[in-house]
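Subject: Structure for you to look at

Hi,

Here is the structure I promised to pass on. Have a look at it first, and then read my notes below.

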Amino acid sequence: MTGGRASWYFAGMISVQDQENIAANVNFLRQRIASLAEAAGRPADSVRLMAVTKTQDWDRVQAAIRAGAPLIGENRWQEARDKVPADW
């Protein structure tokens, strides 16, 4: 246990620290996008964040989705096919 909670996420053994890092990165990018959009005179919601999952496993992809990056891209369809569960 770390800080009163399990240090590993049950679904795919992604650590809580990794989940928190992913969430912090997504949050940072969302704030940066909003700032740059405002500077360009555009509404923040006119820019979409796409997370590209090259070499990342499905558990990390899910962590990014949960953190607020639901638009996901993959460089190779074969990798996407192998990563994403059929029932998703």
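**What I found**

Of the contacts in the protein chain with a separation of 6 or more, 39% are between residues 24 or more positions apart; contact here means heavy atoms within 4.5 Å. Before you go further, note that this is a predicted model, so local features need pLDDT of at least 70 and side-chain atom pairs count only at pLDDT 80 or more, while totals for chains, interfaces and linings use all residues. Residues are numbered from 1 along each chain as its sequence is written, and side-chain values use heavy atoms, with hydrogens and water left out.

**Overall layout**

The protein chain has 3 helices and 2 strands, and along the sequence they run α-β-α-β-α. These elements are DSSP runs numbered from the N terminus: helices are H or I with at least four residues, strands are E with at least two. Of the 88 residues, 22% count as buried. For the accessibility classes, buried is under 20% relative accessible area, exposed is over 50%, and partly exposed is in between (1.4 Å probe, protein chains only). The chain exposes about 6400 Å², with carbon and sulfur atoms supplying 55% of that; the areas come from the Shrake-Rupley method with a 1.4 Å probe, and for residues only the protein chains shown count as cover.

**The core and H2**

Which residues make up the largest nonpolar core? There are 8 of them: Ile-14, Ile-22, Val-26, Ile-33, Leu-49, Ala-63, Ala-64 and Ala-69. H1 and H2 each put in at least two residues, and H1 gives the largest share, with 3 residues. A nonpolar core is a set of buried Ala, Val, Leu, Ile, Met, Phe, Trp, Tyr and Cys residues joined through side-chain atoms within 4.5 Å. In soluble globular proteins, nonpolar side chains tend to be buried together.

In H2, the buried residues are Trp-58, Asp-59, Val-61, Ala-63 and Ala-64. Their cover includes H1, strand S2 (71-73) and helix H3 (77-83). Just after H2, Gly-68 has a positive phi of about 110°.

**The salt bridge**

A salt bridge here is a side-chain nitrogen of Lys or Arg within 4 Å of a carboxyl oxygen of Asp or Glu. By this rule the count is 1. Arg-60 pairs with Asp-18, and their closest N and O atoms are 2.9 Å apart. That pair links distant parts of the chain, with Arg-60 in helix H2 (residues 58-66) and Asp-18 in helix H1 (residues 16-39), 42 residues apart. Both ends are partly exposed: Arg-60 has 28% relative accessibility, and Asp-18 has 23%.

**The largest pocket**

The largest pocket has a volume of about 250 Å³. Of its 13 lining residues, the closest to the centre are Ile-22, Val-26, Ala-51, Arg-60 and Ala-64. H1, strand S1 (50-52) and H2 each give two or more residues to the lining, and H1 supplies the largest share, 4 residues.

For the method: on a 1 Å grid over the protein atoms alone, a pocket is an open set of points where a 1.4 Å probe fits, with protein on both sides within 12 Å along at least five of seven lines, and lining residues have an atom within 4 Å of a point. Grid points are joined across faces, edges and corners, and the volume is the space filled by probe spheres set on the points.

Met-50 is in strand S1 and is partly exposed at 45% relative accessibility. Apart from neighbours within four places in sequence, Met-50 contacts Leu-71, Ile-72 and Gly-73. Val-52, also in S1, is partly exposed at 48%. With residues up to four places away left out, Val-52 touches Gly-73 and Asn-75.

Finally, take a look at Thr-55 in the loop between S1 and H2. Its phi is near 70°, a positive value in a residue other than glycine. Most residues other than glycine have a negative phi. Thr-55 is exposed, with a relative accessible area of 64%.

Cheers
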